[in-house]
Amino acid sequence: MMSFNALIVVALVYVTILFAVAFWAERRAAQGRARFLQSHWVYTLSISIYCTAWTFYGAVGYAARSGLEFVTIYLGPTLVMVGWWWILRRLVRIGRAQRITSIADLISSRFGKSTQLGVIVTLISVVAGTPYIALQLQSVTLSFAIFAQVEGVVWQESDFNSTALWVAIGLAVFTILFGTRNLDANERHDGIVIAIAVEAVVKLLALVSVGVFVVWGIAGGPGQMIAKIEASDIVLWGGESSRWISLIFLSGAAFLCLPRMYQVLVVENVDERHLHLASWAFPLYLFMMSLFVVPIAVIGLELLPAGSNPDLFVLTVPLSQGQGGLAVFSFLGGLSSATSMVIVATIALSTMVSNHIVVPLWLRLQGDGQAMISGDVRSVILIARRVTIGAILALGFFYYRLSGGGTALAAIGLVSFTGAVQILPAMLGGIFWRGATRVGAAVGLLTGLVVWLWTLF
């Protein structure tokens, strides 16, 4: 069994490889040789940042608690990609025609370049994204704790907090290095995108590997696995149909409204034809990510002691069977799921904060003409984004501390999703309804924010 210190080394080596991949991609892009980096497959794999630690860890826990209800997480984006991909095409076309760089920029531009709407959308996105970043920090911290527990070390609260803090610092450093190295007029980040594509492959292979081990290595094959599922205490089809419809709508709407998804779907899109492949390849990716969720949940409930955290079955089931190597591979998959989301989310949010809050305030204080002549805007934007990245990760860390590190990852994810979709009416109104007004959009956004803060946040 791999020691905890060895696990730290493996994690650092993996992160170093990602650094190298991102640096190589940046070099290729700077040399004008980025054709492969901008391929259909790389674009499709980059969309996998939708599959965060919530998907990698939390889906199994969700299945253990609520049966097949976890598939609603996947059905919403699948319906968007298959049934309503034309909405994405419209977003891509608008983004390219108007050089839109964020979801706040989209809504602001569709309502007469409204500064106020840009600020409101930015604030909603930051507040709604905070619980989701906390979820990623929590998942990585819990996975480290599992490996420490194997060596007989039971972590205290201070251990969890210090680990979460170091993870946040590491993610901030990576994001600042490759997300704010230079300013691109289109806000594209070739290094980040290729690193995310690599992580997409790692997390898919890791989850499928655990699933194959569970079905064929423990259960004895698909037939025996089906029998175990039928005999388990999990109620596969529990819940009301209205809840399913609500959750499918919520996940589909979040897929369109999350700043990180807008970043990869629209901003990083260099060719509209990418959507043709992604419209079927990404749903296939989601299907593969969900294929073994129920088997892992059933075997975990059968093998592990009562009270074990089902969110961590992807790790604890292999460890319980002495499969240390598989558990480490699974750990890397979970690490990939968490880090890719945090990196792109903080880049997208820092872009929104700098463009819609910091720079307008700075220009107002300096005087537009003097600021543009002095050429200081560029440095202000870079500094603002770097500070914002650190601040957003700090907010995620503090939310993690204040929330007490709740064990149900899916619940935190739903809170964040619900906050993000408050943007949907303004987005669709700005795209499809000529009668939509700036005041109406502002009132709708603020009302949704207040209700969400009061009832869920």
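**View 1. Aromatic pairs across the whole structure.** A search of the whole structure finds 19 aromatic pairs. Rings of Phe, Tyr and Trp (its six-membered ring) pair if their centres lie within 6.5 Å; planes under 30 degrees apart count as stacked, over 60 as edge-to-face and the rest as tilted. This is a predicted model, where local features need pLDDT of at least 70, side-chain atom pairs count only at pLDDT 80 or more, and totals for chains, interfaces and linings use all residues. Residues are numbered from 1 along each chain as its sequence is written, and side-chain values use heavy atoms, leaving out hydrogens and water.

**View 2. Trp54 and Tyr132, an edge-to-face pair.** The ring centres of Trp54 and Tyr132 are 6.1 Å apart, with 70 degrees between the planes. Trp54 sits in helix 3 (residues 53-66) and Tyr132 in helix 7 (residues 115-150), so the pair ties together parts 78 residues apart in sequence. Helices are DSSP runs (H or I, at least four residues), numbered from the N terminus. Both Trp54 and Tyr132 are buried, meaning under 20% relative accessible area (1.4 Å probe, protein chains only).

**View 3. Phe255 and Phe282, a stacked pair.** Their centres lie 5.8 Å apart and their planes meet at 20 degrees, so the pair is stacked. Phe255 belongs to helix 11 (residues 241-257) and Phe282 to helix 13 (residues 274-290). Phe255 is buried at 0% relative accessible area. Phe282 is buried at 0% too.

**View 4. One aromatic cluster.** Its members are Tyr50, Trp54, Tyr132, Phe255, Phe282, Tyr285 and Phe417.

Key
Helices (H or I, at least four residues) and strands (E, at least two) are DSSP runs, numbered from the N terminus. Buried means under 20% relative accessible area, exposed over 50%, partly exposed in between (1.4 Å probe, protein chains only).
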